[in-house]
Amino acid sequence: MTILPKDLFCSDEAARADAAIVCGSSDKEELQQRTAAAVQLLLTGQTGLLLLCAGGRGGSKTDSDEAARMLSLAEQTGAHSQQIISVPGVGELSEIARECSRLLKQDSRLSNVRSLWLVSSAWHMLRMRIVMKHHLPRQIKIFCHPTTAGITAANWMKQPRGRALAENEIRLIDKLLKNGYSLK
């Protein structure tokens, strides 16, 4: 199957999910957009818990800075500390998914989670869905909640950065599919 740029932009309708997994970003603006979108889910009652997932290479100062920025942004925009679980910067997306899966199985605060929002930039949603579906427990229902700011389905083709991000995402998804991940 050939993935087209328009396929990257996933969004789901759901009244509520038990928690939300929020992907961090080394880009400060995207980090802010992703965190704000997740907090909005909290404030509108569409979820009750955020898993803030810093990315990076695991353990570096940049990773802890990203995690601290996410936590600070979430609290500044209305989230309370008891509504947040900070997932350490464990690496790239598949490592984050494995860590989230481990937490879902072992953290008592997550024992009743049956559904999850995935929150990230619009252009990142398909890859995030593919990776999370591969690693999270199968009984968890997954819904995509992309940011509405930044590079979106409506504007990606109008700017060089948007076109470059779409091309790179397609390349990364093709690589995942060749390594046993599935679009289903």
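This is a dialogue on how to read some features of a predicted model.

User: What kind of model is this, and how are its residues numbered?
Analyst: The model is predicted, so local features need pLDDT of at least 70 and side-chain atom pairs count only at pLDDT 80 or more, while totals for chains, interfaces and linings use all residues. Residues are numbered from 1 along each chain as its sequence is written, and side-chain values use heavy atoms, with hydrogens and water left out.

User: How many disulfides are there?
Analyst: A disulfide is a pair of cysteine sulfur atoms within 2.5 Å. By this rule the count is 0.

User: Are Cys100 and Cys144 buried or exposed?
Analyst: Buried means under 20% relative accessible area, exposed means over 50%, and partly exposed is in between, using a 1.4 Å probe and protein chains only. Cys100 has 0% relative accessibility and counts as buried. Cys144 also stands at 0% and counts as buried.

User: Where is Leu51, and what does Leu51 touch?
Analyst: Helices (H or I, at least four residues) and strands (E, at least two) are DSSP runs, numbered from the N terminus. Leu51 belongs to strand S2, residues 50–53. Its relative accessibility is 1%, so Leu51 counts as buried. Contact means heavy atoms within 4.5 Å. Not counting residues up to four places away in sequence, Leu51 touches Ala19, Ala20, Ile21, Val22, Ile85, Val87, Cys100 and Leu110.

User: Which residues is Leu41 in contact with?
Analyst: Leu41 is found in helix H1, residues 28–43, and is buried, with a relative accessible area of 0%. Apart from neighbours within four places in sequence, the contacts of Leu41 are Ala20, Gln46, Thr47, Trp117, Val119 and His145.

User: Is Glu75 buried or partly exposed?
Analyst: Glu75 has a relative accessible area of 37%, which means partly exposed. Glu75 lies in helix H2, residues 61–76. Not counting residues up to four places away in sequence, Glu75 touches Ser81 and Ile84.

User: Where is Ser121 found?
Analyst: Ser121 is in the loop between strand S4 (115–120) and H4. Ser121 is buried, with a relative accessible area of 2%. Leaving aside neighbours within four places in sequence, Ser121 is in contact with Glu30, Arg34 and Thr147. The C-alpha atoms of Ser121 and Gln139 are 18 residues apart along the chain and separated by 25 Å.

User: How many residues of H4 are buried, and what covers them?
Analyst: H4 is mostly covered, with 9 of its 11 residues buried. Among them are Met125, Leu126, Ile130 and His135. The cover includes strand S1 (19–23), H3, S4, strand S5 (141–146) and helix H5 (160–178).

User: How do H3 and H4 cross?
Analyst: Axes are lines fitted to C-alpha atoms, for helices over the stretch in contact, and angles run from 0 to 180 degrees between N-to-C directions. The axes of helix H3 (residues 93–106) and helix H4 (residues 125–135) come within 9 Å and cross at roughly 45°. That makes H3 oblique to H4; angles under 35 degrees count as roughly parallel, over 145 as roughly antiparallel, 65 to 115 as roughly perpendicular and the rest as oblique.

User: Which residues of H3 and H4 meet?
Analyst: From H3, Leu93, Ser94, Ile96, Ala97, Arg98 and Ser101 meet Arg127, Met128, Val131, Met132 and His135 of H4. By class, this contact has 6 nonpolar, 3 polar and 2 charged residues. Ala, Val, Leu, Ile, Met, Phe, Trp, Tyr, Cys and Pro count as nonpolar, Asp, Glu, Lys and Arg as charged, and the others, Gly among them, as polar.

User: At what angle do H4 and H5 cross?
Analyst: Their axes come within 10 Å and cross at roughly 20°, and H4 and H5 are therefore roughly parallel to each other. In this contact, Leu126, Arg127, Ile130 and Val131 of H4 meet Glu169, Leu172, Ile173 and Leu176 of H5.
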